[in-house]
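Here are my notes on the model, as numbered points. Please read them beside the structure.

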Amino acid sequence: MRSHNLPILFFHFLIISGITLLGNSNNHAADSPIDFEKQVAPILSARCIGCHQPGKAKGGLDLTTLKMALKGGESGPAFELGLNQSSELLSRITPENPNSKPDMPRQGEPLLAEQIQILNRWIREGAKWPENLILTERSKSDASTWWSLQKLANTKVPKLPESFPINWEINAIDHFIAFKLATEGLKPSPPADRRILLRRLHYDLTGLPPTTEEVQAFLNDNLPDAYERRVDRLLASPRYGEHWGRYWLDVVRFGESNGFERNVLIDNSWPFRDYVIRSLNEDKPFPQMIREHLAGDVLLPDRPEDMLGVAFLTVGPFDDVGNQDPVQAAQIRANAIDDTIVATSSAFLGLTIGCARCHDHKFDPILQSDYYRLQSTFDGTRQGARPLATTAQLEMRGRHLKPLEARRNLISTGLANLEKTFQERVTQELKNRPVKITKPLVSPQGIEERFTEKAVKQIRLTILNSDRDPNSASGTRIEELELWTKSPIPKNLALATAGTKITGPSRKPGDFSDAYAPELMIDGKFGAAWVSAATPAVVVLTLSKPEILEKLLASSDRGGEIKGKTPYNVFLGDYTLEISTDGVAWELLADSARERPAPSEAHDQARRRRLGYNAMETAEMQKLRGELTEVEQKIALVPNFTSVWAGNFAQPAKPAYLQIGGDPQRRGPDIFPGSPSYLKSTMPAYQLDSNAPESERRKALADWISSPQNVLTWRVLANRIWHLHFGTGIVDTPGDFGYMGGRPSHPELLDWLANRLIDHGGRWKPLHREIVLSQTYRQSSVANSAGVAKDVQSRFLWRYPPRRLQGEQIRDSMLYAGGVLNETRGGPGFRLYQYLQDNVATYVSLDNPGPETWRRSIYHQSARAAKVDYLSDFDCPDNAQSAPSRLTTTTPLQSMTQWNHQFTMRMAEKLAERVHSIADPKARVSEIFKIVYQRQPTVQEVEESATLAASAGWVNLTRVLINSNEFLYLE
Amino acid sequence: MKFKDKRNKVMELKNTKMQDWLSRRGFMGDVAAGIIGVALMDLDRAESAEKPESWQPGKPQFEPKARQVLHIFCPGAASHIDLWDYKPALAQYHGTPLPGAEAFLSFQGKNGNLMKSPWPFIRSGQSGKPISSILPNVAKHADDIAFIHSMTSRSNTHGPGCIFMNTGFVREGFPSAGAWVGYALGSLNDNLPRFVAMPDVRGEPPNGKANWSNGFLPAAYQAVPMTAQQAIRNLNPPNEIRGESEKAARSYLDRINRRYADQHPDNTELSARVSSYELAARMQLAAPEATGMDGEPAHIRQLYGVDDANPLKSAYAKNCLMARRFLERGVRYVSLYCASRASGVDGLLNWDAHKTLKADYERHCPIFDQPTAALITDLKQRGLLEKDVLIIWTTEFGRMPTHQEGTSGRDHNPDAFTTWMMGAGVKGGTSYGATDEFGRKSVEKITTAHDFYATVLHLLGLDHERLTYYHNGTNRRLTDVHGHVIREILT
């Protein structure tokens with residue numbers, strides 16, 4: 001073991017040395033010297049380090065090492081070495097008199113007299129502190145006692161209390177709920193109305209309501225297993241995965257842009273979304289899903305459609321700006337791995353490991369080294385795309401391509417030879433009529449062209465190519481044009497202020513179309529530049545009246561401030577300049593190809609090409625080009641593989657190391673891949689060595705997480721499933737089973753459910769089935785005063801807790817009510833924003849998204865930080881981080897969107913059209929109610945609705961109904 | 001059953017709180033029962049973490065010095081040494097190497113020699129504070145400004161730098177300062193948003209909407225983007241539905257929603273939704289009133305430069321004037337941007353002068369200077385800087401004292417930059433902290449965004465360590481786990 005900077009892990013130590021913080025004074029004779037590790041360190045770790053450690057050194061004091069303690073803070077050293085020295089530390093912790101509160105610790109109770117005595121003696125004895133020993137803060141909970149880290153309880157199903165209805169006898173879940181209700185003095189609610197239950201079930205399992213026909217069929221089905229059959233049918237529906245998949249995508253922070261500054265769309269991420277939907281529809285065992293998420297590429301190289309589960313590791317945000325500063329670059333890389341570590345821990349283990357990046361977790365028994373064991377595990381993971389194919393398929397493709405590519409190369413060589421012959425011929429011919437170079441080479445600092453004595457009204461500058469690459473189509477820049485008149489006093493007329501107009505095709509970023517406008521060439525200022533939309537390009541200047549001019553100047557870097565060839569001073573290469581007095585007849589004034597040296601050999605070739613091929617060359621060229629097209633078509637026909645954003649993996653060159661304070665520049669000991677320490681007592685740990693293959697690292701972690709012995713995996717999953725069925729989990733913080741998270745309302749039930757999941761081989765559907773078949777689930781949501789008084793949130797489930805639909809469900813339901821929901825499954829997503837990219841990306845919410853967007857919301861291409869109407873308004877989370885649960889907020893912005901947005905209008909119109917053929921207004925109202933609410937209207941509602949439709953139109957009626965509470969709430 | 005007892009107590013509290021909140025009905029979602037549940041969940045958490053503080057969002061924790069914030073942000077990294085932080089040594093050693101930086105690589109790579117500022121600095125006000133001559137109008141307010149010269153950032157990249165300066169984190173997904181303040185203090189005007197973002201006409205700042213995001217706070221706390229160029233989205237129904245039929249439809253919606261809420265009296269979210277439609281309707285009237293500038297007299301328009309021939313300056317001037325109107329009407333936090341994102345040409349659309357510092361700032365400063373100075377003057381003459389409005393000016397980081405290799409511009413410098421504050425509670429004419437003689441690094445009283453916001457929150461009557469919100473395992477803060485109030489610049 002290395003001795004340098006090795007953190008001593010004090011919470012283990014504390015467990016061994018007992019729970020008293022007295023520092024075991026009883027075990028030490030009063031005259032034996034104080035033992036730092038056993039007596040002093042526990043006090044400092046528990047009461048001082050919290051505020052005095054690197055990164056959070058209150059008063060500038062860091063008490064984690066001897067060196068730092070001696071260095072001290074703003075009030076000087078904490079203590080000094082040597083006998084009988086004064087000590088700032090002691091004076092801070094000692095009360096002035098027995099009744100006053102000492103200055104420190106600021107939080108919690110003062111230290112006990114015995115503890116002060118220990119510290120006092122220790123300092124008087126010379127403050128002995130082993131040199132390389134670093135103290136760490138003690139977490140609030142510990143692994144041996146924290147509830148979520150203990151083995152799953154093998155609880156017996158409690159007996160049903162006698163007061164409960166007989167049908168609660170059947171399902172074990174009901175026993176647990178009933179037992180708790182009875183203990184709390186609460187009574188269950190009666191069964192829900194069948195229509196309401198059916199609506200609940202459909203939304204819960206598929207995210208969509210039942211149709212009018214489905215409601216009727218159910219109400220007419222009097223067989224005892226009618227409900228059960230409906231459950232089975234819905235679980236088998238492909239809509240199931242589209243609904244539950246959305247939740248999983250929230251949990252794994254799935255987003256389709258990279259976030260950060262550039263935030264560009266990633267167009268090949270959607271296969272992961274389809275993979276999730278498919279996996280859930282197939283009821284893939286959860287351990288299998290975990291293994292695919294963490295190591296699909298390793299485990300299933302020959303099953304690409306499942307292998308791509310590994311995209312999980314890299315679907316989070318990452319910074320791709322590219323930083324030349326090595327310190328920042330290291331931090332950015334560490335942040336990218338952090339995203340994977342945090343996502344893994346919160347998705348599967350329900351622990352917030354991110355807190356252990358800088359120091360041991362303050363609340364949970366997660367060590368900083370646990371964090372870096374995972375960093376070591378994911379050290380070889382990089383964001384990027386990989387072909388979705390088996391090794392054999394890749395080889396096969398290679399074999400098919402080989403002859404075709406050889407042929408293509410042959411034709412290309414032929415074309416190159418032909419070009420060479422042509423160039424040589426023209427060069428020879430030109431030797432007889434040499435170009436007279438009369439002007440200098442073009443330069444970004446400026447070109448000058450002189451005019452004749454003739455009055456000019458218009459000037460046309462045709463840019464044939466740029467000075468960099470004559471064959472590139474990208475934009476050329478001009479920062480300023482100048483048109484100087486002759487004496488007596490020369491005047492620049494190329495100014496908007498002089499009434500001159502200018503046109504030229506400019507690059508137009510969507511959010512600020514004038515960014516590179518041609519007017520920037522005549523604004524009288526250097527710096528800001530016109531950037532052409534493409535090259536070639538034509539710029540036309542029109543003067544306010546005909547003028548006699550002396551010269552034209554054009555530049556892209558007049559001041560010569562940008563040395564070297566950068567994208568910032570790309571200038572024109574070859575060009576022509578023409579003048580006109582009427583805009584009809586043009587007179588050539590200058591042609592750079594005849595007067596200036598070519599900027600490069602490629603420019604020379606381009607000039608010669610302008611002279612044209614002869615008939616023979618043309619014929620040969622056409623033949624070869626035809627052949628080339630043919631072979632390229634054949635190449636395109638060789639089946640190619642989709643490239644998917646699923647990450648790339650490479651063996652790390654160096655071992656990972658503990659980063660002190662989370663700073664890659666502060667090197668702690670090397671850390672190797674291994675299991676986190678906090679489940680050591682409930683399941684086998686593993687530790688790999690420093691050169692373990694990258695693939696083994698992820699595989700080992702996948703095995704560890706997916707093990708039936710991993711209590712967190714199963715508790716967390718069982719709770720997530722419960723959470724979605726009832727709106728709140730048994731633990732109301734589904735992503736946090738630690739000290740800061742909620743405590744289980746029904747701990748025994750949670751463990752029972754976790755065991756059931758394991759029994760079901762990790763399949764979700766059998767558990768869904770058990771839950772929705774329970775009487776607990778089938779209760780009415782109607783409140784009663786006793787229940788509200790005791791438990792307004794219905795955590796004990798004395799009723800089914802009503803809740804608002806989620807953003808996707810609201811939007812999907814509007815499409816469904818309008819009868820226009822396009823249920824095309826899978827494939828590239830649609831967009832509810834306009835995507836603008838000019839170096840960085842900007843997202844502008846669409847005012848009136850067209851029918852191509854009328855798909856289920858899960859197929860929306862979810863860019864990070866895009867904020868789109870409906871989805872963002874109704875609390876769909878920003879996918880920068882895992883979102884294990886959603887908020888339900890009510891805001892006027894929401895109301896404004898839903899009431900006024902064009903999408904509402906379209907859906908209201910579609911819904912009105914759907915029932916248009918029903919002539920009788922009352923029957924029509926009735927049909928609309930059945931579609932929107934899955935029920936008949938009351939007599940009063942028919943009356944009122946028909947009246948509104950008569951006065952304000954049917955579209956206004958449908959608009960009102962799809963805005964109503966009853967439409968948005970699930971009972 | 002100790003745990004259960006506590007839980008029930010919290011639930012009782014939730015019930016009474018809910019009634020309390022409902023009776024107050026602020027604009028952006030105090031009405032929302034769902035939010036209250038969450039806010040109290042936070043309280044619950046604080047309790048379990050043995051935090052004794054009893055403060056609840058909706059009011060300051062102690063007597064505030066300011067009630068509102070005007071946040072002016074110049075994205076692109078506005079150069080401290082060319083605007084605010086006078087470094088005579090740059091002129092003296094112009095063209096010589098920066099000692100000890102031979103192999104230094106910054107964001108875009110290698111750097112050349114030291115480069116003096118293209119503009120002289122001029123002593124301004126009674127305090128004699130040297131300010132760049134390219135900002136003659138803002139310089140007139142020098143005696144009211146407290147400069148913080150020793151700022152540092154965690155990122156040298158615009159996007160992360162901007163969100164760090166707005167949210168306290170370099171990664172996305174965290175609430176911005178305006179969202180925190182709205183969450184902490186609630187609303188002063190029920191009919192307007194608490195938090196308004198005013199992006200520049202040239203586009204959104206680096207990292208876009210993440211700069212005014214609610215992060216993990218409820219949606220009610222996000223900023224509503226509203227500028228002279230961009231009205232609130234979906235404020236009004238489409239043209240085809242206006243007038244009587246709109247009124248009839250609204251009234252019917254109100255009736256059926258109330259009926260449904262009456263049938264489910266336990267669910268306060270339902271009546272909250274009824275209220276939210278009423279608020280939206282009031283907003284339809286209040287927002288155009290706040291943004292309409294027709295009534296502004298000619299001398300005010302002239303003061304700001306609203307009708308300037310430069311369309312970019314005119315656009316920013318209009319936003320400045322609109323910002324004043326928002327503040328007058330009780331918007332809590334106004335985030336006003338001058339310049340935008342990165343572009344195909346560095347320094348064109350924002351303050352990112354990599355290549356041509358002089359040309360770039362001669363374009364940006366005239367856009368910024370007069371309207372900003374006018375906004376300060378106007379707020380001051382209306383007495384709003386005494387007890388109401390705190391003005392903060394920020395950018396994401398500074399620039400290098402050297403020129404970037406082969407150019408006349410400066411590369412990114414996360415180790416030193418200047419921000420400033422003025423207005424309610426701030427001691428004007430002060431300069432806090434310092435950079436080294438070239439402005440390369442902050443050396444004296446090194447300050448971060450966390451210290452900066454600890455101070456802002458302090459002025460608003462909030463202890464930055466007690467303004468927390470539970471999210472994914474942690475009680476999150478605007479100031480992360482850092483931050484010290486800069487007392488030296490307070491009155």
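1. Start with Leu135(A), in the loop between α5 (113-124) and α6 (172-184) of chain A. Helices (H or I, at least four residues) and strands (E, at least two) are DSSP runs, numbered from the N terminus. Leu135(A) is buried because 27 C-beta neighbours fall inside 10 Å. Buried means 20 or more other C-beta atoms within 10 Å of the residue's own; exposed means 12 or fewer, partly exposed in between, with C-beta atoms placed from the backbone. Its C-alpha is 9.6 Å from that of Glu37(A), 98 residues away along the chain.

2. The model is predicted: local features need pLDDT of at least 70, side-chain atom pairs count only at pLDDT 80 or more, and totals for chains, interfaces and linings use all residues. Residues are numbered from 1 along each chain as its sequence is written, while chains are lettered from A and ligands numbered from 1 in the order in which they are written.

3. Next, α20 (residues 694-706) of chain A. Its 13 residues span 19 Å from first C-alpha to last, close to the expected 18 Å (1.5 Å times one less than the number of residues). Buried residues of α20(A) include Leu701(A), Trp704(A) and Ile705(A). Among the elements covering them are α12 (286-299) and α21 (711-726) of chain A.

4. Which chain gives 89 residues to the contact, and which gives 90? Chain A gives 89 and chain B 90, with contact meaning C-beta atoms, placed from the backbone, within 7 Å. On the side of chain A that touches chain B, α26(A) gives the most, eight residues.

Definitions and conventions
Two residues are in contact if their C-beta atoms, placed from the backbone, lie within 7 Å.
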